[in-house]
Amino acid sequence: MTEKILAVDDEPDMLKLLEMIIREKTTYGILTTTNPLEAIELVRKGGVDLLIADLKMPGLDGMELLNAVRGLDEDIPVIIITAYGTVESAVETMHLGAFDFITKPFKKEQILYTIDKALKFLRLERENRRLREQLNMEDTES
């Protein structure tokens, strides 16, 4: 199964760039939206394995979106991207549970490396959960 990435940014050009990079350089699927509220709905429906979100968006910013996604699925890695990166905002987003914080403009290799790292982490988390559940089932059977 191919993992699916959801990218949310109020700048359509940034979404086009992310989509182009991911489609050309990976086997991952990608959905994009300029609407953070739509992103919440897409996560709620399931099938999203990674979220890339802009920090500064009208209506709902990246930190609020991160909190909403955490409430729906705590396993989904969230990468925050921003043109307005400060140490304080990076620390705050990481404290809220972001997987990583990347400042714009970023290098193509940087975003690809971070995406791969986040999805490998997600696969390990899911595998660990599956193995723990398997062990618990074996314990209750004996």
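This is a short chat about the predicted model above.

Student: What kind of model is this, and what pLDDT do local features need?
Tutor: The model is predicted: local features need pLDDT of at least 70, side-chain atom pairs count only at pLDDT 80 or more, and totals for chains, interfaces and linings use all residues. Residues are numbered from 1 along each chain as its sequence is written, and side-chain values use heavy atoms, with hydrogens and water left out.

Student: How many helices and strands does the chain have?
Tutor: There are 5 helices and 5 strands. Helices (H or I, at least four residues) and strands (E, at least two) are DSSP runs, numbered from the N terminus.

Student: In what order do the elements run?
Tutor: From the N terminus on, the order is β-α-β-α-β-α-β-α-β-α. The radius of gyration is 16 Å, close to the 14 Å from the globule rule for 142 residues, so the chain is as compact as a globular protein of that length. That radius is taken over C-alpha atoms, and the rule is 2.2 Å times the number of residues to the power 0.38.

Student: What box do the C-alpha atoms fill?
Tutor: Roughly 55 × 30 × 30 Å, along the principal axes.

Student: What share of the residues counts as buried?
Tutor: Of the 142 residues, 42%. Buried means under 20% relative accessible area, exposed over 50%, partly exposed in between (1.4 Å probe, protein chains only).

Student: Switching to salt bridges. What is the count?
Tutor: The count is 10. The rule asks for a side-chain nitrogen of Lys or Arg within 4 Å of a carboxyl oxygen of Asp or Glu.

Student: Which residue forms a salt bridge with Glu 11?
Tutor: Lys 104, with the closest N and O atoms 3.9 Å apart. Glu 11 sits in the loop between β1 (4–8) and α1 (12–25), and Lys 104 in the loop between β5 (100–103) and α5 (108–141), so the pair ties together parts 93 residues apart in sequence.

Student: What about the peptide bond from Lys 104 to Pro 105?
Tutor: That bond is cis, with omega near -5°. Pro 105 lies in the loop between β5 and α5.

Student: Where do Asp 75 and Arg 129 sit?
Tutor: Their side chains meet in a salt bridge, 2.5 Å from N to O. The pair links distant parts of the chain: Asp 75 is in the loop between α3 (62–72) and β4 (78–82), Arg 129 is in helix α5, and they are 54 residues apart. Asp 75 counts as buried at 15% relative accessibility, while Arg 129 is partly exposed at 29%.

Student: Which residues do shared partners join into one network?
Tutor: Asp 9, Glu 11, Asp 54 and Lys 104, through salt bridges.

Student: What about Glu 19?
Tutor: Glu 19 forms a salt bridge with Arg 23, closest N and O atoms 3.0 Å apart. The two are 4 residues apart in helix α1, separated by about one helical turn.

Student: New topic. Where is Leu 50?
Tutor: In strand β3 (residues 50–54). Leu 50 counts as buried, at 0% relative accessibility.

Student: What is Leu 50 in contact with?
Tutor: Beyond neighbours within four places in sequence, its contacts (heavy atoms within 4.5 Å) include Ile 5, Ile 79, Ile 115 and Leu 119. Leu 50 and Ile 115 are 65 residues apart in sequence and 8.0 Å apart in space, C-alpha to C-alpha.

Student: And Leu 31, where is that?
Tutor: In strand β2 (residues 29–33). Leu 31 is partly exposed at 32% relative accessibility. Leaving aside neighbours within four places, Leu 31 is in contact with Lys 4, Ile 5, Leu 6 and Ala 7.

Student: Last one. What does Arg 123 touch?
Tutor: Glu 3 and Tyr 28, not counting residues up to four places away in sequence. Arg 123 lies in helix α5. Arg 123 and Glu 3 are 120 residues apart along the chain, with their C-alpha atoms separated by 9.8 Å.
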